[in-house]
Amino acid sequence: MKELIDRHAASVRPQIPLLARELSGRPLIFLDNASTTPKPRQVIDAVVGYYERSTANVHRGVHSLGEEATRLFDDARREVGALIGANPSEIVLVRGTTEAINFVANGLELGPEDEVVFPASEHHANWIPWRLHGKPVPVPIDEDGLPRWELIEKLITSKTKLVSIGHVSNVTGAIAPVEEVVRIAKARGVPVLLDAAQSISHLPLDIAKLGVDFLAASSHKAFGPSGVGILWSKKEFLAKCPLYQVGGGMVSLNNDLDVGGFIPRDAPFKFEAGTPAIEATIGFGAAVKWMRGIGMGAIREHDLAMSKYLFDGLSDIRGVRVLAKRLPPEERIALATFVVDAPSMTQESVARALCDMFGVCVSAGFHCTHVLHARAQLPGTVRASPHLFNTTEEIDVLLEGVREIAS
Amino acid sequence: MALLDDNQALPVPDSEHVERTVQALRKALQRIPFYAKYVKPPALGEATSLKDALAALPLLTAAQVRPTLPKAWLPDGRDGRAEFAMGKLKVVETGLAEDRIRLLWDGAWWRAQEARALRMNKTAAAALDGAFGAYREAVLWIPERGTGSCGSGDPEFEERLEGNRLHLNSRQDPTFWSEPVMTRMLDELARHATVGLLADPFYLDVLARHASAQRRSLDVRGFVGLTRGLTTTAHRAGLKAVCPTAETVQIYGAREAGVLFVEGEDKLLHHAPFTTHIEFLRASVPTPGAVDVALVVVTTLDREVQPLVRYVLGDLVQVARAPSRFTTVSPIVSVEGKLADALLRPDGALVTPGAVDRALTEASPRAYQVVQTDAQSVSVEVVEGSLEAVKAALAPLLVGMTLTARQATAIAVEPNGKYRVSRREGLGTSYERFEGAER
Ligand SMILES: Cc1ncc(COP(=O)(O)O)c(C=O)c1O
């Protein structure tokens with residue numbers, strides 16, 4: 001197991017410049033990938049290359065640089081399409097997962113009585129939109145923050161307009177039983193949205209197999225720049241989904257007032273008003289290309305072994321409560337959220353101590369999941385979220401740190 | 001000039017092809033400012049044979065045409081301003097970023113020479129003569145006008161009608177065509193009572209697959225002319241499924257020169273008379289998977305504006321070992337794609353896009369694009385096909401190179417709306433691999 005983890009990590013570490021950094025004389029140990037991932041050299045080069053060689057606006061550049069930039073930009077949509085098995089025409093480029101979910105919430109034109117069923121453990125990005133649009137119907141969770149999936153069938157009623165689930169929880173790392181949820185929802189004619197923010201860089205994704213109707217994801221959690229993400233949906237939805245922002249780039253023709261209205265372009269372009277995040281999108285394409293080059297299967301192989309290594313290690317430490325540790329590695333990713341029993345220290349200060357004393361970067365707080373923390377009566381938590389480049393040696397440092405703080 | 005034999009639809013051979021070419025050379029050099037100023041050709045003496053005349057003149061490349069303005073290409077004494085105002089002449093662009101050139105476009109000339117060339121194919125000739133009902137054609141390629149970003153909307157059916165020619169498409173990149181747009185095209189093919197469809201094979205493929213999904217066929221009564229791109233094995237199969245009866249005719253033309261070759265019933269592409277003279281510069285390096293490969297150099301015969309003299313078109317062909325029918329130029333077996341897109345093996349060999357496609361006949365992915373990223377590396381994107389099968393099929397062609405295969409759901413369109421099955425990133429022009437083009 002150790003050998004496998006470290007072999008994968010060793011093969012990619014030299015490609016990620018951030019990992020060469022030191023914190024107070026100690027090597028940086030980056031274990032906060034669920035927040036955002038460091039960027040490989042290929043991504044940095046793609047972004048810098050756009051600045052240094054091909055700066056131009058896209059889809060309207062008539063000169064050679066405009067054509068180059070457009071090609072690089074369009075390639076990103078194709079890369080992501082290939083990653084999830086979707087045609088590029090079904091991928092709307094948005095700012096990230098949050099915007100993608102808001103896009104659907106707006107596009108479904110939900111009334112106040114239209115219900116949206118989602119686990120109470122969801123990230124705010126998949127919680128708050130349902131307060132603004134429609135009526136939230138949270139699926140109860142257990143004391144570990146895991147959704148009680150067996151209850152979902154009863155919660156789906158004739159008023160349910162959408163089931164919206166996180167593919168991988170950003171708190172427990174649990175993988176949702178997507179195909180089962182889809183089966184239940186489809187039997188009732190209800191569409192399913194999948195928040196793939198956490199899964200996109202950890203699990204092989206295939207929209208045909210998943211059977212969902214919408215998929216949302218962010219570039220920055222998948223080794224790409226922030227400021228860009230995707231909403232994937234079927235052509236039928238995109239064809240009838242109302243426009244919520246308009247302007248340049250999305251319009252095919254704008255007539256003068258006495259002549260007529262305006263003609264939007266086809267999806268996805270009609271949803272992409274204004275100059276997009278060009279360099280971020282180009283970087284996103286490079287990131288997806290990088291992941292695909294490694295292979296999502298190989299990434300998951302590291303992830304499974306890492307998950308076991310991390311949970312075994314944390315479970316051995318007294319004074320540490322690890323959420324959802326009963327889940328087998330196949331039902332989770334390598335992401336551990338835990339509470340360290342350290343007198344008079346908040347979980348945030350535990351995380352800061354890990355950084356200051358050991359060079360270990362982890363998250364702490366509520367991870368945009370207030371309801372989960374409230375229901376599980378957690379005073380905040382610490383979250384360690386390794387990825388492909390992390391070694392067992394780094395996890396050992398984390399464990400040493402937690403052990404020291406907890407004792 | 002007598003274009004047609006009295007008793008048959010086919011054009012008669014041009015017995016004066018050689019003299020016509022010498023005259024065209026002379027005229028171009030005398031009357032076009034560009035040649036006097038930029039190329040400074042030696043004067044051609046009265047007695048010069050075609051062979052000597054050509055040998056005395058340099059090759060002309062896109063790189064030389066690119067930095068010029070249209071006025072350099074108007075014959076002395078012609079009033080360009082007036083002709084632009086009347087719509088007789090237009091300025092159009094052709095080619096990609098690296099080889100884009102501006103062209104003086106004479107629509108009437110194009111239509112006349114195209115109709116003349118099409119007649120070399122018996123079915124097309126019969127179609128033009130009304131064998132399938134009054135001749136009406138539809139074209140399917142990059143929209144001349146239509147929905148780009150901040151574009152001009154979707155022109156109506158009537159607005160897309162130009163005489164008996166219907167422009168089917170008003171949208172860019174077919175990857176993003178919506179179902180209603182494609183259904184409209186299918187409907188319009190029928191409504192227009194289309195006899196001849198002239199199409200870019202990549203665009204047609206998208207429409208053909210839509211038709212297939214809708215269990216419809218392409219309503220084309222006479223023939224389908226495939227032009228503007230390399231027709232792949234998968235394109236042919238896709239088309240056959242929804243258009244089983246209409247004959248397909250391969251047409252090799254270039255916006256800057258006219259129609260060069262048209263497929264005959266013998267499956268060879270024959271040189272069109274009266275429009276161009278062609279020189280074949282033979283490959284001086286091995287061309288695995290392709291036989292008698294040559295680089296096409298064109299001299300135009302009846303282009304009054306912007307006549308081209310020994311212009312390197314950039315396309316590769318397989319020259320046929322068969323007699324010529326209409327001129328002194330040999331027929332060709334196939335258009336092999338652009339030299340700029342051919343793969344350069346480290347051992348010096350050149351792999352044409354055509355050779356790549358033939359190698360993939362068995363594996364038959366729905367679509368693919370092969371990209372040479374550096375001297376040793378090739379990557380191939382595959383849409384709906386086995387990566388292993390594609391790699392295995394290409395390996396014998398790419399000895400000495402590393403090949404990676406990747407799945408894709410769509411192939412990238414070029415900014416000018418064309419698709420490429422093969423692409424080479426920044427490895428020079430490679431003219432030196434052709435006899436007579438080494439300089
Ligand atoms: C499960 C989940 N959903 C949604 C989001 C929101 O993503 P973004 O902030 O990139 O829009 C996150 C990010 O933390 C997340 O973990």
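## Ground rules

Since the model is predicted, local features need pLDDT of at least 70 and side-chain atom pairs count only at pLDDT 80 or more, while totals for chains, interfaces and linings use all residues. Residues are numbered from 1 along each chain as its sequence is written, chains are lettered from A and ligands numbered from 1 in the order in which they are written, and side-chain values use heavy atoms, with hydrogens and water left out.

## Where A meets B

Let's start with the interface. Contact here means heavy atoms within 4.5 Å, and 31 residues of chain A touch 31 residues of chain B that way. The buried area is about 2,400 Å², with carbon and sulfur atoms giving 45% of it; that's the accessible area (1.4 Å probe) that two parts lose on being put together, summed over both. On chain A's side, A:Glu67, A:Arg71 and A:Arg78 supply 28% of the area chain A buries against chain B, more than any other three residues.

The rule finds 6 salt bridges across this interface, each a side-chain nitrogen of Lys or Arg within 4 Å of a carboxyl oxygen of Asp or Glu. B:Arg406 and A:Glu79 form a salt bridge, at 2.7 Å from N to O.

Which elements of chain A supply at least two residues each to the side that touches chain B? They are α3 (64-84), β11 (251-254) and α10 (278-294), and α3(A) gives the most, with 9 residues. Helices (H or I, at least four residues) and strands (E, at least two) are DSSP runs, numbered from the N terminus.

## The seven-stranded sheet

In chain A, 7 strands make an open, mixed sheet in the order β4-β10-β9-β8-β7-β5-β6; two strands pair if DSSP finds at least two bridges between them. The edges are β4 (91-94) and β6 (135-139), each pairing on one side only. Inside the sheet, β5 (115-119) and β7 (160-166) run parallel over 3 bridges, and A:Glu115 sits opposite A:Thr160 in β7(A).

α3(A) packs on this sheet too, touching β4, β9 (214-218) and β10 (229-233), at about 120 degrees to β4(A). Helix α4 (97-107) of chain A lies across β4, β7, β8 (192-195), β9 and β10, at about 155 degrees to β9(A). Angles run from 0 to 180 degrees between N-to-C directions, using lines fitted to C-alpha atoms, for helices over the stretch in contact.

## The four-stranded sheet

Chain A also has an open antiparallel sheet of 4 strands, ordered β13-β14-β17-β16. Its edge strands are β13 (320-322) and β16 (363-365), and the twist averages 30 degrees from one strand to the next. β16(A) pairs with β17 (381-384) over 3 bridges, and A:Gly365 has A:Thr381 as its bridge partner in β17(A).

Helix α11 (296-315) of chain A lies across β13, β14 (336-340) and β17, at about 15 degrees to β14(A). Helix α14 (392-406) of chain A touches β13, β14 and β17 as well, at about 25 degrees to β14(A).

Over all chains, the structure holds 57 salt bridges. One of them joins A:Arg383 and A:Asp32, with the closest N and O atoms 3.9 Å apart. A:Arg383 lies in β17 and A:Asp32 in the loop between β3 (29-30) and α2 (41-53) of chain A, so the pair ties together parts that are 351 residues apart in sequence.
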